[in-house]
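Here is a friendly walk through a two-chain model. Please have your viewer open as you read.

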Amino acid sequence: MVNGMAGCQPELMPKALGSVSVLAVDDHPRFLDAARAVVEATPGFSWIGGVTSGEEALARVDRGQPDLVLVDVNMPGMDGFELARALRDAHPETLVALISAQHPDELPADDFSAGEVLAKENLRPAWLREFWEKHRGNRS
Amino acid sequence: MLTLVLSTISATVGLSNAAAPRQGASAAIAALTVAALLGVGLYAWRREGEGRFGQVLFATGLCWFVASLSNSDVELLYSVGRVAVWIFEMALIYALLSYPSGRLETRPARLVFAAAAVLVATLYLPTVPFVEQYPLPSPFANCAAECPPNAFFAGSEPAVLADVVKPLREGLTIVLYVLVVVVLSARIRAAGHNLKRTLVPVLGAGALRFSAAGLYIALRRAEGSADVMEIASLVAQLTIGAAALGFLVGLLQWQVYSGRALAGLSTGLAATRNPAQLRALLAQSLAEPAVELYYAPPPADGGARCWLDSSSEECSAKAETPHNCLAEAEAESGLRVCIVCDRGFREYPSFLRAVASCAISGLERQRLDAALSESLEDVAASRKRLAGTADGARRKIERDLHDGAQQHLVALRVKLELAREALERHSDSGTEMVADLAPEVDEIIEEVRSLARGIYPPLLASSGLGEALRAAGQRSHLAVLVSAEGLGRFPSETESAVYFCCLEALQNASKHAAGASGIRIELRREDDLLFEVSDDGCGFATDHNGEGSGITGMRDRLAAVGGDLRIESSPGAGTSVLGRVSIA
């Protein structure tokens, strides 16, 4: 089963036991590389893959729930806010973190974000840990 | 001056006949009639279009001057005057029937005048040597009973004259006068309401005069009492004066009418926006509700002329009929106008020319206004497209920056932080990570460079069109040959417009000119800056209406710096994009 899934999605890796599994969604592959490097450099977190659209992300989460999804706000087609809402409705146990290359002040107002959008350049291991610690209580 | 002299002579002759009753009144009427006929005749003579009638009226006035000598008590003058009266009657009939053109236009008019001439030539003039006394009393002579004898009398008066000729000619004269009155009345009835105002004073006074003259002859034949004859004589004299004044009033009426019409037309012209409004203005100014307006736009490239009515509906060309009159004019552009109005206006060609020339200038102005607003709309549309293009270009730059350099820098910043953390931990991977960042920075530099070149190529600013296009050509996958010898430099907006047009043409050729072996860009400085981007590819069928936004954008760019663009291509024969920018 796991092999079969890996066969369909070769870039996605199985969730490591006991660690926080992270999926990243961004239409810029270059940033997915950077996100992967950050996740892999963070102890207790495991990278299960990166996808480039909201639709792909929904399909991936349906197949195997990650603990945390990093979602870029600006994406063609389904944007980050829409994806975040859809994930909250379908998988309330999955934690979503919104990220953006734009300054948070320049983002359109959305009740979902509630002012919590991370500037992409500030993505680093310490932030990942803090975010997870802050929200894990609500999820468990 | 001549008028003054002749009327003075006429008055003097009348006054000198001391024996005559009412000599003052007769002399005054005669002198005023001479003055009116000669004065109006001379005035009309000098006016374009009315010259012939002026001559007729002047000749009539001269006849009347000679006729007024019959007020004299000198035998010869009296006799000359009495004979001249007959000629004057004929001249007056001609003047009335030919008013206002000076020509006998209708068949009835010609017949009536011919009858008058035959009557005078057969039954009046040949009797001169055979009468001892001219018929008395006469409204032309102020001597009541003691008039001078006929100076041309040969010695014996045949009885046939008194028994046959005189009654016959008097009867025929009355018939002739009735015919004159009938013809004049018919003309008044037939005239359009505008021409009536100028015809009525002339023809009305003329009809009155001939009615009075006919009545006088009839009364004399019936041997009316002296009192009756005196009144009839006074009426006959006064109506001659009235007929003379009728010409003056008619002429003035026409002057007032034509002046008002042309003033109304020329003042209202600027406010007309279309041919229908112009027709309405013509109808109002000429007080001719039925006036029609037709026009033919300048024929395109030697094509057939197409006539339109005032509602701009296509129609056939108009021709003159017995019931109408045409006024036509043509502008330098080839635009033509044809105004169809009452046939009475035929008598006033100069007026018609003025009306048609007002109309053509109004139509020409309307045509130029329409052309101007069309080109202003083009300019506005072109400006809008340019603004849209500029906006689109800004959005593209923003997207390129966001998707390219910005994302790259963001990722770089994240990796830099990871490297810093690794170095802090003295991990070997930190050094590797820093080393990996160098090619990424190089990529970002090249990306920003390419973006800047797209906004404004640095080579264009520093070295001009030739160098910048050569550099652009080197980035093309086709061989590009640039020829720009001795081109020199131009204002930056000109160089930028030409550069981006050539670049667009170059990209089009690279994309679409299948089978092309190369592209040639040629730039020349003549009176204008000329450029040509040509390829030997597959070509296409040119269709100006169906050209893409890229070519419209090139046209707009060039138009903004006073240039234009032409595309020459056909399937299998390659494509040439030819541009020209004014550098004057």
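The report below takes the sheet of each chain in turn, then the contact between the chains, and ends with one cysteine.

## The sheet of chain A

Keep in mind that this is a predicted model. In chain A, five strands make up an open sheet with parallel pairing, and their order is β2-β1-β3-β4-β5. Its edge strands are β2 (45–51) and β5 (117–119) of chain A, each of which pairs on one side only. On average, and ignoring direction, neighbouring strands of this sheet are turned by 30° against each other.

For a look at one pairing, take strand β1 (residues 20–25) and strand β3 (residues 68–72) of chain A, which are joined in the parallel sense over four bridges. There you will find A:Val25 opposite A:Val71 in β3(A). Two helices lie across β1, β2 and β3 of chain A. Helix α2 (residues 29–40) of chain A is one of them, running at about 170° to β2(A). Helix α3 (residues 54–63) of chain A also lies across these strands, and runs at about 155° to β1(A).

## The sheet of chain B

Chain B has an open sheet of five strands as well, here with antiparallel pairing and the order β3-β2-β1-β5-β4. At its edges are β3 (314–315) and β4 (324–330) of chain B, each pairing on one side only.

Strands β1 (residues 292–296) and β5 (residues 336–342) of chain B run antiparallel and are joined by five bridges. Within this pairing, B:Ala296 has B:Arg336 in β5(B) as its bridge partner. Helix α9 (residues 275–285) of chain B packs on the sheet, where it touches β1 and β5 of chain B, and its direction makes about 140° with that of β1(B).

## Where the chains meet

How many residues of chain B are in contact with chain A? Twelve residues of chain B are in contact with 13 residues of chain A. On the chain B side, the residues divide into four nonpolar, four polar and four charged.

## A cysteine in chain B

Now turn to B:Cys501, which sits in helix α14 (residues 492–512) of chain B. Is B:Cys501 buried or exposed? This residue counts as buried because 24 C-beta neighbours lie inside 10 Å, and the cut-off for a buried residue is 20 or more.

Leaving aside residues up to four places away in sequence, B:Cys501 touches B:Met554, B:Arg557, B:Leu558 and B:Gly579.

Key
Residues numbered from 1 in each chain as written. Chains lettered and ligands numbered in written order. Predicted model: local features only at pLDDT ≥ 70, side-chain atom pairs only at ≥ 80, totals over all residues. Buried ≥ 20, exposed ≤ 12 C-beta atoms within 10 Å, placed from the backbone. Contact = placed C-beta atoms within 7 Å. Pairing = 2+ DSSP bridges. Axes fitted to C-alpha atoms, helices over the stretch in contact; angles between N-to-C directions. Nonpolar A, V, L, I, M, F, W, Y, C, P; charged D, E, K, R; others polar.
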